[in-house]
Amino acid sequence: QVQLVEAGGGLVQAGGSLRLSCAASGRTSSSYAMAWFRHAPGKERELIAAINWSRSTYYAHSVKGRFTISRDNAKNTVYLQMNSLKPGGTAVYSCALRRTLAYAYREDDYDYWGQGTQVTVSS
């Protein structure tokens, strides 16, 4: 069993930055792939960033160049540094874990989810 807890959400002006964290506990492994999803009002949940055991990363086109996913294995924590935030980035951001070496692109491929943290970007 794995538990994921996100933190770091809040209100930020367009162009500003936030850093989200996702702390994993329970039977976790640094070999597990992890990802960040976001769910904006009226839109489908989308994968925005993922990282695998070797720190290979994936970014959605909408955030590439602005967001950075990283991990600290000693702390069992994954981060999402979000720069140049846009109003369209307003959403609930959720951390997800996949019990596989490689990350995936579909929600159903992830085994554990955090509760989500709200990010609101004002214009």
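Modeller: Let us begin with a definition: contact means heavy atoms within 4.5 Å. The model before us is predicted.

Biologist: Which residues does Arg71 touch, leaving aside those up to four places away in sequence?

Modeller: Arg71 touches Ser30, Tyr32, Ile51, Asn52, Trp53, Ser54, Arg55, Thr77 and Val78.

Biologist: Where in the secondary structure is the place of Arg71?

Modeller: Arg71 belongs to strand β7, which covers residues 67-72.

Biologist: Is Arg71 buried or exposed, and which side chain of opposite charge is nearest?

Modeller: A salt bridge requires a side-chain nitrogen of Lys or Arg within 4 Å of a carboxyl oxygen of Asp or Glu. Arg71 is buried and has no salt bridge; Asp72, the nearest side chain of opposite charge, lies 8.5 Å away.

Biologist: Which backbone oxygens does the side chain of Arg71 reach?

Modeller: The side chain of Arg71 reaches the backbone oxygen of Trp53 at 2.3 Å and that of Asn52 at 3.0 Å.

Biologist: How many helices and strands does the secondary structure of the protein chain come to?

Modeller: The protein chain has zero helices and 11 strands. Its radius of gyration is 13 Å, close to the 14 Å that the globule rule gives for 123 residues, so the chain is as compact as a globular protein of that length.

Biologist: What percentage of the residues in the protein chain is buried?

Modeller: Buried residues account for 44% of the 123 residues. As for contacts between residues at least 6 apart in sequence, 59% join residues at least 24 apart.

Key
Residues numbered from 1 in each chain as written. Predicted model: local features only at pLDDT ≥ 70, side-chain atom pairs only at ≥ 80, totals over all residues. Heavy atoms only, no water. Helix = DSSP H or I, 4+ residues; strand = E, 2+ residues; numbered from the N terminus. Buried < 20%, exposed > 50% of the residue type's maximum accessible area, 1.4 Å probe, protein only. Lys, Arg positive; Asp, Glu negative; His and termini not counted. Polar contact = N/O pair within 3.5 Å; in protein donor to acceptor, adjacent residues only side chain to side chain. Rg over C-alpha atoms; globule rule 2.2 N^0.38 Å.
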